[in-house]
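Colleague: I would like to learn how to read a protein model. Could you take me through it, one feature at a time?

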Amino acid sequence: MIVLLIVICEVGFWVLLAAGLAARYLLKMPRTGLALLLCEPLLEVLLLVVTAIDLKNGAEPSWRHGLAAVYIGYTVGHGHRTVKWLDGHAAHRFGGAPPPAKPPAYGMARARHEGRVWLGSLTAAAVASGLLLLAIWYVGDDGNTESLRGWITVAWRAAGIHGLIALSYAIWPKKAPAPETTETSDGADRASALSARDPEHVPDGLVRRPRQNEEQV
């Protein structure tokens with residue numbers, strides 16, 4: 001039942017997101033759209049409540065309960081960024097707003113961006129760990145909580161790997177490509193060099209043609 005509820009919550013997240021954006025920008029009902037978007041956290045609360053009830057009714061703690069906590073943590077850590085990104089594109093596509101700014105691609109600006117994204121993963125691991133510890137405390141010493149403790153390790157391992165990836169952008173910042181020299185400036189430079197050596201043998205394609213009024217003077 002827990003796995004089925006996680007699937008329902010995931011599908012419901014995208015359904016509410018699409019419905020909220022459609023109401024805001026297609027139906028021109030911003031308040032209704034905002035209300036639909038604010039309903040999304042209720043899915044996470046529902047999942048948490050059902051998980052607690054399942055444990056309360058004597059269900060053996062398993063990977064399913066741990067997965068529910070990790071899913072809630074991920075939504076808390078990264079859900080707002082997903083909603084903001086899609087809202088910006090919907091506003092541009094259907095609401096006439098300017099296109100959303102793209103994240104920086106080079107240098108330390110990219111490193112800072114990756115660091116902010118990593119903070120979302122750190123938040124996700126912290127929230128998941130808190131929920132898992134609550135579940136472990138709720139079950140007590142009489143139940144088998146090994147699977148719940150294993151999910152805490154998984155959450156922090158994922159956050160650590162993401163942190164190393166984000167740190168690599170700061171240690172080895174990605175460099176912007178060098179600007180290309182235009183063909184016109186290249187031709188002018190070659191013409192200047194050739195004319196300086198031998199004015200009589202500059203290729204016609206590199207010689208500046210006089211205007212008609214200049215020829216008549």
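Modeller: Gladly! Let's start with burial: a residue is buried under 20% relative accessible area, exposed over 50%, and partly exposed in between, using a 1.4 Å probe and protein chains only. Here, Arg 110 is buried at 18% relative accessibility. Across the chain of 217 residues, 30% are buried.

Colleague: What should I know about the model itself?

Modeller: This is a predicted model, where local features need pLDDT of at least 70 and side-chain atom pairs count only at pLDDT 80 or more, while totals for chains, interfaces and linings use all residues. Residues are numbered from 1 along each chain as its sequence is written, and side-chain values use heavy atoms, leaving out hydrogens and water.

Colleague: How many helices and strands are there in the chain?

Modeller: Helices (H or I, at least four residues) and strands (E, at least two) are DSSP runs, numbered from the N terminus. This chain has eight helices and zero strands.

Colleague: Where is the kink in helix α4 centred?

Modeller: A bend at a residue is the angle between axes fitted to the seven residues ending there and the seven starting there. Helix α4 (residues 63-94) has a kink of about 50°, centred on His 78. Just after α4, Gly 96 has a positive phi of about 75°.

Colleague: Now, how do I read salt bridges?

Modeller: Side chains of opposite charge can pair when their charged atoms come close. The rule asks for a side-chain nitrogen of Lys or Arg within 4 Å of a carboxyl oxygen of Asp or Glu, and the count here is two. In one, Asp 87 pairs with Arg 24, their closest N and O atoms being 3.2 Å apart. Asp 87 is in helix α4 and Arg 24 in helix α1, so this pair ties together parts 63 residues apart in sequence. Asp 87 is buried at 19%, whereas Arg 24 is partly exposed at 27%.

Colleague: And which residue does Arg 110 meet in a salt bridge?

Modeller: Glu 114, at 2.8 Å from N to O.

Colleague: What about aromatic rings?

Modeller: Such a pair is described by the distance of the centres and the angle of the planes. Rings of Phe, Tyr and Trp (its six-membered ring) pair if their centres lie within 6.5 Å; planes under 30 degrees apart are stacked, over 60 edge-to-face, and the rest tilted. There is one aromatic pair: Phe 13 and Trp 14 have ring centres 5.2 Å apart and planes at 90°, so they are edge-to-face. Phe 13 is buried at 9%, while Trp 14 is partly exposed at 41%.
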